[in-house]
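Hi everyone, thanks for coming.

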Amino acid sequence: EVVLGQGLLPAFCCHDQHDLQILKRLMDKHVHRPQNQPVIIKQMFRDQRYNIAHVRPWSDQPTFFDIVECSDPVVFNVIIDQRGVEGILMIERVDVAKRVMHINTPHGAKEAFTQHGDQLFGGTNRLYSGRQDRAHFIQQSVEGRIAETGKQLDELRSALQLQEQEKRKVNETTMNEKRRVLRELEQVKVQLHCKEHQINQLRGE
């Protein structure tokens, strides 16, 4: 996800301008804020994947497509055209990545990413530390995604339960306050009745 970026991952692909306009109208109808609409990429759909064997970096380190399986030829071609992943190495440790990319960059290697999302560029000393600690779009399996979603659901349920408890406390406090006010009002009524009775007695005398 760090390699592809948050803009490319939820993007839609359209075969031509006609399809793009149809999809754009649907988005305008159902996603009213333009900033919330995903990117639309126009690229001719092909049944054959690009042959990238000849541009593979000269390195023993795995490349992006050694790690990520992509069976759809359209998606495969789009992420190559949009991101150039054929020249990206995936290196587990940052110290190894520094040695590979900063000291003797392999031919054809443009970038490298570590397991923690650190990004390194070939031929320079640039390194950007990764900050994403878990996947949001790509999951290893459906079961893993279900488990993650279930965990988030449990967290939401716990938060809701706390909110309901707070609400009950507020309601109980409100009811107690209301009862106190009613008791004081009754006491005032009794005192008023007594005073009226005393006045009537005095008038009778």
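Let's start with the surface: the accessible surface of the protein chain is about 15,600 Å², and 52% of that belongs to carbon and sulfur atoms. Those areas come from the Shrake-Rupley method with a 1.4 Å probe, and for residues only the protein chains shown count as cover. Before I go on, this is a predicted model, where local features need pLDDT of at least 70 and side-chain atom pairs count only at pLDDT 80 or more, while totals for chains, interfaces and linings use all residues. Residues are numbered from 1 along each chain as its sequence is written, and side-chain values use heavy atoms, with hydrogens and water left out.

Okay, the overall layout. There are five helices and six strands in the protein chain. Helices (H or I, at least four residues) and strands (E, at least two) are DSSP runs, numbered from the N terminus. Going along the sequence, you get the pattern β-α-β-α-α-β-α-β-β-β-α. The radius of gyration of the protein chain is 33 Å, well over the 17 Å that the globule rule gives for 205 residues, so the chain is more spread out than a compact globule. That radius is taken over C-alpha atoms, and the globule rule is 2.2 Å times the number of residues to the power 0.38. You can see it in the C-alpha trace too, which spans about 120 × 50 × 35 Å along its principal axes.

How much of the chain counts as buried? Of the 205 residues, 24% do. Buried means under 20% relative accessible area, exposed means over 50%, and partly exposed is in between (1.4 Å probe, protein chains only). As for contacts, meaning heavy atoms within 4.5 Å, take those between residues at least 6 apart in sequence: 53% of them join residues at least 24 apart.

Now zoom in on helix 3, residues 73-83. Its buried residues are Pro73, Val74, Phe76, Asn77, Val78, Ile79 and Ile80. What do they pack against? Strand 1 (12-14), strand 2 (40-42) and helix 2 (64-67). After helix 3 comes Gly84, and its phi is positive, near 65 degrees.

Rings of Phe, Tyr and Trp (its six-membered ring) pair if their centres lie within 6.5 Å; planes under 30 degrees apart count as stacked, over 60 as edge-to-face and the rest as tilted. By this rule we get three aromatic pairs. One of them is Phe64 with Phe65, an edge-to-face pair at 5.3 Å centre to centre and 80 degrees between the planes. Both Phe64 and Phe65 are buried, and together with Phe76 they form one aromatic cluster.

Arg126 lies in the loop between strand 5 (119-121) and strand 6 (127-128) and is partly exposed, with a relative accessible area of 41%. Leaving aside neighbours within four places in sequence, Arg126 is in contact with His102, Gln119, Leu120 and Phe121.

Next, the loop between strand 2 and helix 2, where we find Gln43. Is Gln43 buried or exposed? Gln43 counts as buried, at 14% relative accessibility. The side chains of Gln43 and Asp81 make a polar contact of 2.9 Å. A polar contact is a pair of N or O atoms within 3.5 Å; within protein, one must be able to donate a hydrogen and the other to accept it, and residues adjacent in sequence count only if both atoms are side-chain atoms. Thr63 is in that loop between strand 2 and helix 2 as well, and it is buried, with a relative accessible area of 7%.

Last stop, helix 5, residues 142-204, where Ala159 is found. Ala159 is partly exposed, at 37% relative accessible area. Ala159 and Arg99 are 60 residues apart in sequence and 46 Å apart in space, C-alpha to C-alpha. Leu153 is in helix 5 too, partly exposed with a relative accessible area of 40%.
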